[in-house]
Amino acid sequence: MEPQPLRHRRADNGARRQMTTKKNIHVVPHRSGWVTRRESSARSSGVYATQHEAIRHARRLAMQDHTELVIHNRDGRIQEASSYDSSPGKRTVKPAPVASRVNVTRIKRAVKKQRAGR
Amino acid sequence: MAKYSDSVFLNCPFDDQHKPIRLAILFAIFDCGFVPRCALEVDDGTDVRFEKIKRLISSSRYGIHDICRTEIDANTALPRFNMPLELGVFLAAKSFGIGAQKQKSCLILDRDLYRYRNFISDIAGHDIRSHQNDADQAIIQVRNWLGTASGRVTLPGGRAIVTRYRRFMAELPDLCADLNLEADELTYSDYINLVSGWLSASPLVTLATR
């Protein structure tokens, strides 16, 4: 059962979404509960009684649009951010948190050299 | 600096016997788009080890705790308690910590699924899975758990990671030779940099078609 917003400010029509595909989705506190809102937009797409319901709705939007979901605390600070901006298999490989005797540029060059030699 | 939500604290035996599982888990963490954090990454003699571990735990949202090493040490005739201790600190941070610490999530690995009941039964109810002392199983368990715990849809499949890991290990000796490193004597920092660099230079599409 999908969470139902207490009220809608705006319908999610296709044309409008097309224009905003790359905008992150935020879950932010509101006087009536919690709202989901696209980045740099003053208007919310729905008001929810609980943060949990708002997150469920926002996650679905973020997955549809391949964008980021940013969840805020009651005090407005960022509590968590999850990325849905890639399709499966297109995740970003993070750099190692410590330096090594050989730097990453040399490693990448060596890998490419090996591939070219085959 | 790795982000809290990308960091995975790895608590496992650092002996040679456990090396195949440890290397496979490290590879899987990188291939899933996360960053492993481990006590081996800080090589500072002046740092108190336990303080270092607490700092790493506090900066990691996720934790993988492999508690498979319960045997009596051949030299001391005593068991080692470091891994259960670090698991306890991680669980305590989630229970008593505030803010982001409350979001912590951990995977507990052992070689058999229900063996923990005989030596640390109080952890019943947590996410406990078995790698059966097999590197492929360890990769699949880590991948499946990270996918569920993070909710991310960008993770490659477990079998795809296993395939890439085998290919990486096959290419590692030549790669090390090219970089003037000894494949058998790689340090932790060398290994994780090689994994990260190799994965970055190996687009998934290219790998999948080979």
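User: So axes are lines fitted to C-alpha atoms, for helices over the stretch in contact, and angles run from 0 to 180 degrees between N-to-C directions. With that settled, at what angle do helix H5 and helix H6 of chain B pack?

Analyst: About 110°, with the axes of H5(B) (residues 158-178) and H6(B) (residues 188-200) 11 Å apart. Helices here (H or I, at least four residues) and strands (E, at least two) are DSSP runs, numbered from the N terminus. Do keep in mind that this is a predicted model: local features need pLDDT of at least 70 and side-chain atom pairs count only at pLDDT 80 or more, while totals for chains, interfaces and linings use all residues. Residues are numbered from 1 along each chain as its sequence is written, chains are lettered from A and ligands numbered from 1 in the order in which they are written, and side-chain values use heavy atoms, leaving out hydrogens and water.

User: Parallel or perpendicular, then, for H5(B) and H6(B)?

Analyst: H5(B) and H6(B) are therefore roughly perpendicular. The classes are roughly parallel under 35 degrees, roughly antiparallel over 145, roughly perpendicular from 65 to 115, and oblique for the rest.

User: Which residues of H6(B) touch H5(B)?

Analyst: B:Tyr191, B:Leu194, B:Val195, B:Trp198 and B:Leu199 do, and their partners in H5(B) include B:Tyr165, B:Phe168 and B:Leu172. Contact means heavy atoms within 4.5 Å. For the classes, Ala, Val, Leu, Ile, Met, Phe, Trp, Tyr, Cys and Pro count as nonpolar, Asp, Glu, Lys and Arg as charged, and the others, Gly among them, as polar.

User: Switching to the interface: how many residues of chain B are in contact with chain A?

Analyst: 44 residues of chain B, against 34 of chain A. The two chains bury about 3,400 Å² between them, with 55% coming from carbon and sulfur atoms. Buried area is the accessible area (1.4 Å probe) lost when two parts are put together, summed over both. On the chain B side, B:Val153, B:Thr154 and B:Asn193 lose the most, together 18% of what that side buries.

User: And which helix of chain A does H6(B) cross?

Analyst: That's H3(A), residues 104-116, whose axis comes within 8 Å of H6(B) at roughly 55°. The pair is therefore oblique. Among the residues in that contact are A:Ile107 and A:Val111 of H3(A), and B:Asn193 and B:Trp198 of H6(B). It has five nonpolar, three polar and two charged residues.

User: What does B:Asp6 pair with?

Analyst: B:Arg152, at 2.6 Å. This pair links distant parts of the chain, 146 residues apart: B:Asp6 is in the segment before strand E1 (7-11), and B:Arg152 in the loop between H4 (135-150) and H5.

User: Last one: how does H1(B) sit against H4(B)?

Analyst: The axes of H1(B) (residues 19-31) and H4(B) come within 8 Å, crossing at roughly 35°. By class, that contact has 11 nonpolar, no polar and no charged residues.

Notes:
Salt bridge = Lys/Arg side-chain N within 4 Å of Asp/Glu carboxyl O.
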